[in-house]
Amino acid sequence: PDGVTYNTLLDAAAKSGDLAAAEDWCRHMELAALSPEITSYNILLNLAAETGKTDAAEEWLARMRSSGARPDIFTFNAFVKMYVRAGDLR
């Protein structure tokens with residue numbers, strides 16, 4: 001499998017609302033010597049944000065940054081929506 005395949009699996013897990021499964025697919029990706037890319041991180045960040053798992057979203061953002069991937073507009077939108085839902089951003 002390549003990165004596109006793993007991102008498809010991440011997206012399927014995200015569409016079912018299963019953060020644990022998405023995180024497992026990310027681990028499989030890394031075990032296959034493939035680095036998550038911005039799309040991979042954004043899928044995980046959006047899922048964590050949509051399910052109210054602020055800590056997980058912040059952890060994925062830290063992992064994204066430490067990997068050298070740069071947050072983009074989709075990353076920032078996920079965080080804005082998450083903080084608005086949580087009442088932490090007005």
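Colleague: Phenylalanine 79 first: buried or exposed?

Modeller: This is a predicted model. In it, phenylalanine 79 has a relative accessibility of 10% and therefore counts as buried.

Colleague: And tyrosine 83, what is its relative accessible area?

Modeller: Tyrosine 83 has a relative accessible area of 22%, so it is partly exposed. The cut-off for buried is under 20%.

Colleague: Where do phenylalanine 79 and tyrosine 83 lie?

Modeller: Both are in helix α5, which covers residues 73-86. They are four residues apart, about one turn of the helix.

Colleague: How many aromatic pairs does the structure hold?

Modeller: There are three aromatic pairs. In one of them, the rings of tyrosine 41 and tryptophan 60 have centres 6.3 Å apart and planes at 55°, so this pair is tilted. It links distant parts of the chain, as tyrosine 41 belongs to helix α3 and tryptophan 60 to helix α4 (residues 54-67), 19 residues apart.

Colleague: What is the relative accessibility of tyrosine 41, and what is that of tryptophan 60?

Modeller: Tyrosine 41 is at 3% and therefore counts as buried. Tryptophan 60 is also at 3% and counts as buried. As for phenylalanine 79 and tyrosine 83, their ring centres are 5.9 Å apart with planes at 45°, so that pair is tilted.

Colleague: On to the helices. How do α3 and α4 cross?

Modeller: Their axes come within 8 Å and cross at roughly 165°. The two helices are therefore roughly antiparallel to each other, given that angles over 145 degrees count as such. The crossing of α3 and α4 is left-handed.

Colleague: Which residues make that contact?

Modeller: From α3 the contact takes Ile38, Tyr41, Asn42, Leu44, Leu45, Ala48 and Ala49. From α4 it takes Ala56, Ala57, Trp60, Leu61, Arg63, Met64 and Ser67. By class, the contact of α3 with α4 has 11 nonpolar, two polar and one charged residues.

Colleague: What about α4 and α5, at what angle do they cross?

Modeller: The angle is roughly 160°, and the axes come within 11 Å. That makes α4 roughly antiparallel to α5. The crossing in which α4 passes α5 is left-handed.

Colleague: Which side chains are involved there?

Modeller: The residues in contact are Thr54, Ala57, Glu58, Leu61 and Met64 of α4, with Thr75, Phe79, Met82 and Tyr83 of α5. Sorted by class, the contact of α4 with α5 has six nonpolar, two polar and one charged residues.

Colleague: What does threonine 75 touch?

Modeller: Leaving out residues up to four places away in sequence, threonine 75 touches Ile38, Asn42, Leu45, Leu61 and Met64. The C-alpha atoms of threonine 75 and alanine 48 are separated by 12 Å, and these two residues are 27 apart along the chain.

Colleague: Where is asparagine 7, and what does asparagine 7 touch?

Modeller: Asparagine 7 is in helix α1, and at 8% relative accessibility it counts as buried. Not counting residues up to four places away in sequence, asparagine 7 touches Met29, Glu37, Thr39, Ser40 and Ile43.

Colleague: One backbone matter to finish. Which phi does alanine 33 have?

Modeller: Alanine 33 has a positive phi of about 65°, although it is not a glycine. Alanine 33 is placed in the loop between α2 (19-31) and α3. With a relative accessibility of 69%, alanine 33 counts as exposed.

Terms used. Residues are numbered from 1 along each chain as its sequence is written. This is a predicted model: local features need pLDDT of at least 70, side-chain atom pairs count only at pLDDT 80 or more; totals for chains, interfaces and linings use all residues. Side-chain values use heavy atoms; hydrogens and water are left out. Rings of Phe, Tyr and Trp (its six-membered ring) pair if their centres lie within 6.5 Å; planes under 30 degrees apart count as stacked, over 60 as edge-to-face and the rest as tilted. Buried means under 20% relative accessible area, exposed over 50%, partly exposed in between (1.4 Å probe, protein chains only). Axes are lines fitted to C-alpha atoms, for helices over the stretch in contact, and angles run from 0 to 180 degrees between N-to-C directions. Angles under 35 degrees count as roughly parallel, over 145 as roughly antiparallel, 65 to 115 as roughly perpendicular and the rest as oblique. A crossing is left-handed if the near helix is turned anticlockwise from the far one by less than a right angle, and right-handed if clockwise. Contact means heavy atoms within 4.5 Å. Ala, Val, Leu, Ile, Met, Phe, Trp, Tyr, Cys and Pro count as nonpolar, Asp, Glu, Lys and Arg as charged, and the others, Gly among them, as polar.
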